[in-house]
Amino acid sequence: MKSVIISKNGGPEVLELKEINLDNLKSGEVLIENKAIGLNYIDTYHRSGLYPIDLPSKIGIEGAGIIKKIGPDVKNFKIDDRVAYASMPLGSYSTHRIFPTKKLIKIPDEIDFKNVVTLMTKGFTVFYLLHKTYQVKTGEHILFHAAAGGVGQIFCQWAKSLGCKVIGTVGSDEKIKIAKENGCDYVINYSKENFATKVKEFTNGEGVPVVYDGVGKKTFDQSIECLKIRGVM
């Protein structure tokens, strides 16, 4: 069994692949053989020290694989179940790992492991954005920044399926095609155009009820301009 370990904070050079021996399974735990893992931006925060963790440490929050052993008191899972996870404890960058069943989900046979780990963390994010942070409604124009990114591609498809008119922004012309292919009705290159003006144009001067802004400094002021009265950003 092997796992990526970090003993100090830094760049990618601090990642070390090491042989490991796993502890005995405790109550409610299973041994998973990872078949695919998700690489997420938060992993770089753990590695760099921006989000402090105790060192030395394993790394990675997202993975999918097959259960190889079950610990005491495990009732809802069995050996050979296909499962996925996207949360602490850290350690998905590994061939095998121990994980608590209370944070596991079963995955259907027809869904590929690689597809699962592209969707778990980003999919959870999109769910709370569309249904918890602001409950979108069919027919609404909504604005999403960084529409060609990992979260953006899922968000725009999902919002489109709910009947929204999706306005997406991107940082370069090369990303316009990606955003359009993934659900955007309108795409604006915010590095070239005043997107607030374009949003008003697309909405007949009304603005949008919600802006999802994962960019920040470059887009903040214009995002405020895009909002209807009592809009959410």
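1. Arginine 230 counts as exposed at 78% relative accessibility (exposed means over 50% relative accessible area, buried under 20% and partly exposed in between, with a 1.4 Å probe and protein chains only). This residue has its place in strand β13, and although it is not a glycine, its phi is positive, at about 60°. Helices (H or I, at least four residues) and strands (E, at least two) are DSSP runs numbered from the N terminus.

2. The model is a predicted one, in which local features need pLDDT of at least 70 and side-chain atom pairs count only at pLDDT 80 or more, while totals for chains, interfaces and linings use all residues. Residues are numbered from 1 along each chain as its sequence is written, and side-chain values use heavy atoms, with hydrogens and water left out.

3. As background, most residues other than glycine have a negative phi, and most peptide bonds are trans.

4. Two peptide bonds to proline are cis: the one from leucine 55 to proline 56, with omega near -5°, and the one joining methionine 88 and proline 89, with omega about 5°. Proline 56 sits in the loop between α1 and β4, whereas proline 89 lies in the loop between β6 (82-86) and β7 (96-100).

5. Serine 57 belongs to strand β4 (residues 57-58) and is buried, its relative accessible area being 12%. Leaving aside residues up to four places away in sequence, serine 57 touches Val4, Ile5, Ile6 and Leu90, where contact means heavy atoms within 4.5 Å.

6. In helix α1 (residues 41-48), Asp43, His46 and Arg47 are buried. Seen down the axis of α1, these buried residues fall within an arc of 100°, so they line one face of the helix; the arc is that of the directions from the helix axis to the C-beta atoms. Their cover includes β1 (2-6), β2 (15-19) and β3 (29-38).

7. Five strands form an open sheet with parallel pairing, in the order β11-β10-β9-β12-β13, two strands being paired if DSSP finds at least two bridges between them. At the edges stand β11 (186-189) and β13 (227-232), each with a single partner strand, so one side of each is left without a neighbour in the sheet. Neighbouring strands are turned by 30° against each other on average, direction ignored. Helix α5 (residues 195-202) packs on this sheet, touching β9, β10, β11 and β12 (208-212), and its direction makes about 160° with that of β11; axes are lines fitted to C-alpha atoms, for helices over the stretch in contact, and angles run from 0 to 180 degrees between N-to-C directions.

8. The largest nonpolar core has 21 residues, and those with the most contacts inside it include Leu130, Ile142, Phe155 and Cys184. A nonpolar core is a set of buried Ala, Val, Leu, Ile, Met, Phe, Trp, Tyr and Cys residues joined through side-chain atoms within 4.5 Å. At least two residues of this core come from each of α2, β9, α3 (150-161), β10 and β12, and the largest share, four residues, comes from α3. Apart from this core lies another, of eleven residues, among them Ile167, Phe195, Ala196 and Val211.
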